[in-house]
Amino acid sequence: QVQLVESGGGVVQVGGSLILSCAASGRSIRTLAMGWFRQAPGKEREFVGAVSGPINWEPITTYEDSVKGRFTVSRDNAKNMVYLEMKKLEPEDTAVYFCAAARSGTLTASGSDYVWWGQGTQVTVSS
């Protein structure tokens, strides 16, 4: 069982930056793929980015097209933490952001592969 708590959300102006944190407890997430998803009002939850478990010693990442080059997912296994660094934020990035843990270390963008979810943190980008 994994418990996830997100933090770091808030209100930021267009073009600004935020770093979201996800603190995991209950077990080590070292071998698990970790993902970030978001849900805007009136819209379905969508994939943002993910980081794999150890693949040839180094994790790999994948991103949704609209955030490539602006968002970065990283992990600190020693602290049992995952991060989402967001730059050049746009109004379309406004959403509740969720951290999620998969059952395995395989990199995946599919929400159905993630079995543990946090409660979410609100990000609002104001123009």
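**Reading a sheet**

Reply: In β8, Met81 is the bridge partner of Ala23. Strands here are DSSP runs of E with at least two residues, numbered from the N terminus, and two strands pair if DSSP finds at least two bridges between them. This is a predicted model, in which local features need pLDDT of at least 70, side-chain atom pairs count only at pLDDT 80 or more, and totals for chains, interfaces and linings use all residues. Residues are numbered from 1 along each chain as its sequence is written, and side-chain values use heavy atoms, with hydrogens and water left out.

Me: How many bridges pair β3 with strand β8?

Reply: Strands of a sheet pair through backbone hydrogen bonds, either parallel or antiparallel. Here, six bridges pair β3 with β8 (residues 81-86) in the antiparallel sense. Glu85 in β8 is the bridge partner of Ile19.

Me: Which strand do five bridges join to β1?

Reply: That strand is β3 (residues 18-25), which runs antiparallel to β1 (residues 3-7). Opposite Ala23 in β3 stands Val5.

Me: In what order do the four strands of the open sheet lie?

Reply: The order is β1-β3-β8-β7, with antiparallel pairing. β1 and β7 (71-76) each have a single partner strand, so one side of each is left without a neighbour in the sheet. Neighbouring strands of this sheet are turned by 15° against each other on average, direction ignored; the axes are lines fitted to C-alpha atoms, and angles run from 0 to 180 degrees between N-to-C directions.
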